[in-house]
Amino acid sequence: MNETEFQDLLERHRRSLEAFCFSTRRNEGDAEDLLQDIWARAWDARFTFRGESSFHTWLYVVAKSVYITNYHRKKHLSVIFPERLPELEDAIDDDYETINDLRAAVGQLNDRDKDLISLYLDERSYKEIALEINTTEKNVATRFMRVKEKLRKLLNRRQ
């Protein structure tokens with residue numbers, strides 16, 4: 001794969017990477033920094049992509065690796081849900097209190113649950129999610145049902 005093809009693939013997956021970055025960083029600047037770090041690591045590791053999995057799966061592994069190595073392990077950087085979820089904001093249409101309540105509730109979830117929400121918000125099917133996190137579709141459905149219930153309880157407490 002040449003440089004142009006690789007850059008085209010990265011650009012096709014930009015929205016997915018942005019969703020991942022915003023789901024793990026405190027603000028837009030931090031998310032952009034993480035995105036740039038992921039792009040740089042992906043570029044450096046481009047020769048490791050062998051096509052045994054989808055490019056998206058490979059890129060997600062790179063993104064998680066960068067996040068864990070550079071951000072998650074640093075004690076002074078806290079992990080919270082993003083301050084901005086464009087798709088959610090459009091759907092709720094200026095209901096900022098609801099958005100803030102949802103962000104706060106998601107911020108209380110553990111990292112595994114946040115990852116699951118991030119993949120779901122990326123419009124991934126249960127099958128795709130199962131492949132990425134190495135489990136079954138049924139397990140993904142069960143976990144997602146539990147996460148939704150946790151969010152429901154957290155949101156009910158805030159009201």
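**View 1. Helix α1 has an exposed side and a buried side.** On the face of α1 turned away from its buried side, you will find the exposed residues Thr 4 and Arg 12. Here exposed means over 50% relative accessible area, buried under 20%, and partly exposed in between (1.4 Å probe, protein chains only). Helices are DSSP runs (H or I, at least four residues), numbered from the N terminus. This is a predicted model, in which local features need pLDDT of at least 70 and side-chain atom pairs count only at pLDDT 80 or more, while totals for chains, interfaces and linings use all residues. Residues are numbered from 1 along each chain as its sequence is written, and side-chain values use heavy atoms, leaving out hydrogens and water. Helix α1 covers residues 3-12, and its buried residues are Phe 6, Leu 9 and Leu 10. Seen down the axis of α1, these buried residues fall within an arc of 100 degrees, so they line one face of the helix. The arc is taken from the directions from the helix axis to the C-beta atoms.

**View 2. Phe 20 belongs to the largest nonpolar core.** This core has 36 residues, of which Phe 20, Ile 38, Phe 55 and Trp 58 touch the most other members. A nonpolar core is a set of buried Ala, Val, Leu, Ile, Met, Phe, Trp, Tyr and Cys residues joined through side-chain atoms within 4.5 Å. Helix α4 gives the largest share of the core, eight residues. Leaving aside neighbours within four places in sequence, Phe 20 is in contact (heavy atoms within 4.5 Å) with several residues, among them Leu 34, Ile 38 and Tyr 60.

**View 3. Arg 103 is a buried residue of helix α6.** Look for Arg 103 in α6, where this residue is buried, with a relative accessible area of 15%. Arg 103 and Ser 23 lie 80 residues apart in sequence, and their C-alpha atoms are 9.7 Å apart in space.

**View 4. Asn 134 sits in a loop with a positive phi.** The loop between α8 and α9 is the place of Asn 134. Its phi is about 60 degrees, although Asn 134 is not a glycine. Most residues other than glycine have a negative phi. Asn 134 is also exposed, with a relative accessible area of 72%.

Key. Helix = DSSP H or I, 4+ residues; strand = E, 2+ residues; numbered from the N terminus.
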